[in-house]
Amino acid sequence: LPGIVQAAILCLPIVLVAFLCSVSIWPGLAVGGLALTFAVPVPILQRVEITMGLAIMLTAGVMARGILAPERSFILRSSEAKLMLLVAAILAMRLLYDRPGSANFGAAGGSGEAFRFLLGAISFFTVAKVFSGEWERRSNQAAVLALAVIGTAANMAICIIQDPRFGVLGLFQRQMWLLCAFLLATVFAQYQANGGLWLAMKAAAMSGATLLMAAVSPHRSRPFFAVAMILVAAWVYGQSRRVFLGLGVVICLLMITVVSAGYRVPYLSTRSLSTFIPVPDRQFEQLVWEYGLSDEKGWESSFRALLFDLAWTHIKSHPLVGRGFVLDREEVIWAMARSGAIEDAARGLAVSGCYHNSLLELAVFCGIPAVVLFVLAYGIILVRFVRLLPGIRDARLKWMASGVLGYLAAASGQMLMNGMAQDFFYVCVLLGAMQGIMLLQRRKEWEAASLACETTDVSQGDGHSQASLPL
């Protein structure tokens, strides 16, 4: 390992120069890289996802280009950017004050979570800068889809190697959300542009495949994510009414079929559909026992309730500045054990101090003001982006905007339902992409307006000059 590390350090300048040369596909790498969620071991931070390494390279590249070719930037002028800058400042000051340790060296831990939160806040500005430039090339579309396919295929391979039974159950994960969001944008864009029965069937098939993958997932939140992504793509491309009608017909037919079959659903869909349908207890228990899943059914979530109660206890004791980046897994486990949740206590080992909600985790670490600032920035960006999106005429820019917004719907749900620090990072990257797209679109509109004014002035000047000429 030391030899490999030394070789990597020596080759880093070459890699960085090559990366700087590929600046035209940075937007595709920034968004498509979110599919590379696989972690590598790191001495102090425990593990770091590949997508975060890519974010670090993007940040270094943007800084290097800013030094080599300084240019005026408008990224920090908006209110939402100022709010995110305050969030980044709070995270940085909390990190410097706490100096969290590493569980790898016997400390309570926290350095890994602090790194992810801070990198997310920084990546917002990096990605916004990348997307605010001229980048609308086909290579970015190819980069997003290629990285999404690679990430999905790798995730499937890992699931099958670990346990072949989870090859299907583990399909609809973060990598597939990214791929589905952009594939939905692709088929709906094709249908809007050309119409026709074949393209309508193609869009319906992609929507059905997304719903099917979500239905066979063991997670109860996945069907909601799938529906949200479909509705986003349909709205962006003006097909929301037809999709609403189609989803309504499909749901009614499925409910009639399920009721007539005595509320029996496909075996693998028993847990994911338990929030919609009173599935048979025997079938549910058999699935839980066979695959080692949680026995929580429907809207029940005692596991989250325990973590949320523990988080609120910390927030109430340190509401303004938080308790710092200190993760204590034993504290979570003992809290569960004291409440009688012995089975959940064993699962507490997996959470590593997170609270199944990224915003609660941020409030525990840095206080309520940091969460309020982030939520305000999120809301402002989302509202402005939704208002701006119908005015986008460039096909590739609209495709990227649709995919980013669709993936944000799933990533935001994950951040609130099962969130960790890495989910905060993903959402920050997506918000940065949305911010950059808005800046680019506004600049295009301003340039178009300026060109129209110049054309009008010239034509009026020509008219006056012609009128003054003698016949």
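Q: How far apart are the end C-alpha atoms of helix 9 (residues 197-215)?
A: This model is predicted. Helix 9 has 19 residues, and at 1.5 Å a residue they should span 27 Å. The computed distance between the end C-alpha atoms agrees with that: 26 Å.

Q: Which helices are included in what covers the buried residues of helix 9?
A: The buried residues of helix 9 include Leu-199, Ala-203, Met-206 and Ser-207. Thr-210, Met-213, Ala-214 and Ala-215 are buried as well. What covers the buried residues of helix 9 includes helix 8 (174-194) and helix 10 (222-236).

Q: Are helix 9 and helix 10 roughly parallel or roughly antiparallel to each other?
A: Their axes come within 8 Å and cross at roughly 165 degrees. Angles over 145 degrees count as roughly antiparallel. Helix 9 and helix 10 are therefore roughly antiparallel.

Q: Which residues in helix 10 do Ser-207, Thr-210, Leu-211 and Ala-214 in helix 9 meet?
A: The crossing of helix 9 and helix 10 is right-handed. On the helix 10 side, the residues met are Arg-222, Pro-223, Ala-226, Val-227, Met-229 and Ile-230.

Q: Is helix 10 roughly parallel or roughly antiparallel to helix 18?
A: The axes of helix 10 and helix 18 come within 9 Å and cross at roughly 155 degrees. The cut-off for roughly antiparallel is over 145 degrees. That makes helix 10, relative to helix 18, roughly antiparallel.

Q: Is the crossing of helix 10 and helix 18 left-handed or right-handed?
A: In helix 10, the residues that meet helix 18 include Phe-225, Val-232 and Trp-235. In helix 18, the residues they meet include Ser-402, Leu-405 and Gly-413. The crossing of these two helices is right-handed.

Q: Does Ser-402 count as buried or exposed?
A: Ser-402 lies in helix 18. Not counting residues up to four places away in sequence, Ser-402 touches Ala-185, Val-232, Ala-233, Val-236 and Tyr-237. A residue under 20% relative accessible area is buried. At 1% relative accessibility, Ser-402 counts as buried.

Q: Is helix 6 roughly parallel or roughly antiparallel to helix 18?
A: The axes of helix 6 (residues 138-162) and helix 18 (residues 395-417) come within 10 Å and cross at roughly 25 degrees. Angles under 35 degrees count as roughly parallel. That makes helix 6, relative to helix 18, roughly parallel.

Q: Which residues of helix 18 make the contact with helix 6?
A: The crossing of helix 6 and helix 18 is left-handed. Helix 6 brings Arg-138, Asn-140, Gln-141, Val-144 and Leu-145 to the contact. Helix 18 brings Arg-396, Trp-399 and Met-400.

Q: On which residue is the kink in helix 5 centred?
A: Helix 5 (residues 111-131) reaches 30 Å from its first C-alpha to its last, close to the 30 Å expected. It is mostly covered, with 18 of its 21 residues buried. The helix has a kink of about 25 degrees, centred on Ser-123.

Q: Is Arg-241 buried or exposed?
A: Arg-241 has its place in helix 11 (residues 240-260). Its C-alpha is 9.6 Å from that of Leu-231, 10 residues apart in sequence. Over 50% relative accessible area counts as exposed. With a relative accessible area of 76%, Arg-241 is exposed.

Q: What share of the 471 residues of the protein chain count as buried?
A: The chain's secondary structure comes to 19 helices and 2 strands. Among contacts between residues at least 6 apart in sequence, 75% join residues at least 24 apart. The share of residues that count as buried is 48%.

How values were computed
Residues are numbered from 1 along each chain as its sequence is written. This is a predicted model: local features need pLDDT of at least 70, side-chain atom pairs count only at pLDDT 80 or more; totals for chains, interfaces and linings use all residues. Side-chain values use heavy atoms; hydrogens and water are left out. Helices (H or I, at least four residues) and strands (E, at least two) are DSSP runs, numbered from the N terminus. The expected span of a helix is 1.5 Å times one less than its number of residues. Buried means under 20% relative accessible area, exposed over 50%, partly exposed in between (1.4 Å probe, protein chains only). Contact means heavy atoms within 4.5 Å. The bend at a residue is the angle between axes fitted to the seven residues ending there and the seven starting there. Axes are lines fitted to C-alpha atoms, for helices over the stretch in contact, and angles run from 0 to 180 degrees between N-to-C directions. Angles under 35 degrees count as roughly parallel, over 145 as roughly antiparallel, 65 to 115 as roughly perpendicular and the rest as oblique. A crossing is left-handed if the near helix is turned anticlockwise from the far one by less than a right angle, and right-handed if clockwise.
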